[in-house]
Amino acid sequence: MSEPVDQKSLLIAALFIVVGCVLHILACTVIDDTFYPLLIMAMYLIAPLPLFLCAPSDSSFLEDNSGFETLGNFIIGMFGVSGPCLTFVLLHNSLINDGAAVVSFLGGFFVVGAVYIIKRKQSSDDMGF
């Protein structure tokens, strides 16, 4: 079993998620008066779920679970690309304005950065660094 993520990395990741969510809410309320940037935030928050659900485990239930991990990586990529692409689709259809698209895109970077921090720390703990 892998070691838990240290407290500093967890606090930084939580800060990134909070900043990303606040930016999406600001895109909804202050910059644009629609709820569409919340749909983009939902894509970013759903994206890392397969990372935790399809992660390799130490159980002996399945010896070769590479197909399960591959499916999880595909779903992560699908949702990860859907977030920024949905921003551009909503902007193209004039459902959100330019400012809301930029702020929503920046909020997505913060949420993705939080997931990257947690995953990077877990993989470095597994390698013994």
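Me: At what angle do helix H1 and helix H2 pack in this model, and how far apart are their axes?
Reply: The model is predicted. In it, H1 (residues 7-31) and H2 (residues 36-46) pack at an angle of about 160°, and their axes are 8 Å apart.

Me: Why is H1 called roughly antiparallel to H2?
Reply: Angles over 145 degrees count as roughly antiparallel. The angle between H1 and H2 is about 160°, so H1 is roughly antiparallel to H2. The crossing of H1 past H2 is right-handed.

Me: Which residues of H1 and H2 meet?
Reply: H1 brings Cys-21, His-24, Ile-25, Ala-27 and Cys-28. On the H2 side are Pro-37, Leu-38, Ile-40, Met-41, Tyr-44 and Leu-45.

Me: What makes up the contact of H1 with H2 by class?
Reply: Ten residues are nonpolar, one is polar and no residues are charged. Cys, Ala, Ile, Pro, Leu, Met and Tyr count as nonpolar.

Me: Which residues line the second largest pocket?
Reply: The lining consists of Tyr-44, Ala-47, Pro-48, Ile-76, Gly-80, Val-111, Val-112, Val-115, Tyr-116 and Lys-119. The space in this pocket is about 170 Å³.

Me: Which helix gives the largest share of that lining?
Reply: H5 does, with five residues. Helix H4 (66-92) and helix H5 (98-127) each supply at least two.

Me: How is the lining of the second largest pocket divided by class?
Reply: Eight residues are nonpolar, one is polar and one is charged. Gly counts as polar and Lys as charged; the lining includes Gly-80 and Lys-119.

Terms used
Residues are numbered from 1 along each chain as its sequence is written. This is a predicted model: local features need pLDDT of at least 70, side-chain atom pairs count only at pLDDT 80 or more; totals for chains, interfaces and linings use all residues. Side-chain values use heavy atoms; hydrogens and water are left out. Axes are lines fitted to C-alpha atoms, for helices over the stretch in contact, and angles run from 0 to 180 degrees between N-to-C directions. Helices (H or I, at least four residues) and strands (E, at least two) are DSSP runs, numbered from the N terminus. Angles under 35 degrees count as roughly parallel, over 145 as roughly antiparallel, 65 to 115 as roughly perpendicular and the rest as oblique. A crossing is left-handed if the near helix is turned anticlockwise from the far one by less than a right angle, and right-handed if clockwise. Contact means heavy atoms within 4.5 Å. On a 1 Å grid over the protein atoms alone, a cavity is a set of points where a 1.4 Å probe fits but cannot get out, and a pocket is an open set with protein on both sides within 12 Å along at least five of seven lines; lining residues have an atom within 4 Å of a point. Grid points are joined across faces, edges and corners, and a volume is the space filled by probe spheres set on the points.
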